[in-house]
Amino acid sequence: MSICEPMNPRYWEGLHVATLTAFSDDEELLEDPEVYKAYARYLKESEVAGLFVNGTSGESLSLSVSERKKTLQMWADATKGLDLKVIVHVGAECIKVTRR
């Protein structure tokens, strides 16, 4: 679907949840794919339809652009084959960062 086509509103039916970002004990981004896979499986088993990554839980503004991209990639990998939609928060406090 191109972004110019009307979107089917039924595509977004179901519960979509804001995910939490995992951090290590030393407050670094936790880059353990198994953590994200287990979380994704749990959400799917809980009948969640989709995820809102880097969004409403607020930690995304504390992450660098690189960390936000890593988080998105981990979620994209973790949800493969699970039929979970992924929405990504891309807003930032700076327009230049948002464009990245």
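Some ground rules come first. Residues are numbered from 1 along each chain as its sequence is written, and side-chain values use heavy atoms, with hydrogens and water left out. Because the model is predicted, local features need pLDDT of at least 70 and side-chain atom pairs count only at pLDDT 80 or more, while totals for chains, interfaces and linings use all residues.

Start with the helices. Helices are DSSP runs of H or I with at least four residues; strands are runs of E with at least two; both are numbered from the N terminus.

Now look for charged pairs. Side chains of opposite charge can pair when their charged atoms come close. A salt bridge is a side-chain nitrogen of Lys or Arg within 4 Å of a carboxyl oxygen of Asp or Glu.

Glu31 pairs with Lys70, their closest N and O atoms 3.5 Å apart. This bridge links distant parts of the chain: Glu31 sits in the loop between β1 and α1, Lys70 in helix α2, 39 residues apart. Glu31 is partly exposed, at 47% relative accessible area. Buried means under 20%, exposed over 50%, and partly exposed in between (1.4 Å probe, protein chains only).

Glu34 and Lys37 meet at 3.6 Å, N to O. Both lie in helix α1, three residues apart, about one turn of the helix. Lys80 bridges to Asp77, also with 3.6 Å between the closest N and O atoms. Lys80 is exposed, at 62%, while Asp77 is partly exposed, at 35%.

Is Thr79 buried or exposed? Thr79 is buried, with a relative accessible area of 8%. Thr79 lies in the loop between α2 and β3 (85-88).

Finish with Tyr11, in the segment before β1 (16-18). Tyr11 is partly exposed, at 44% relative accessible area.
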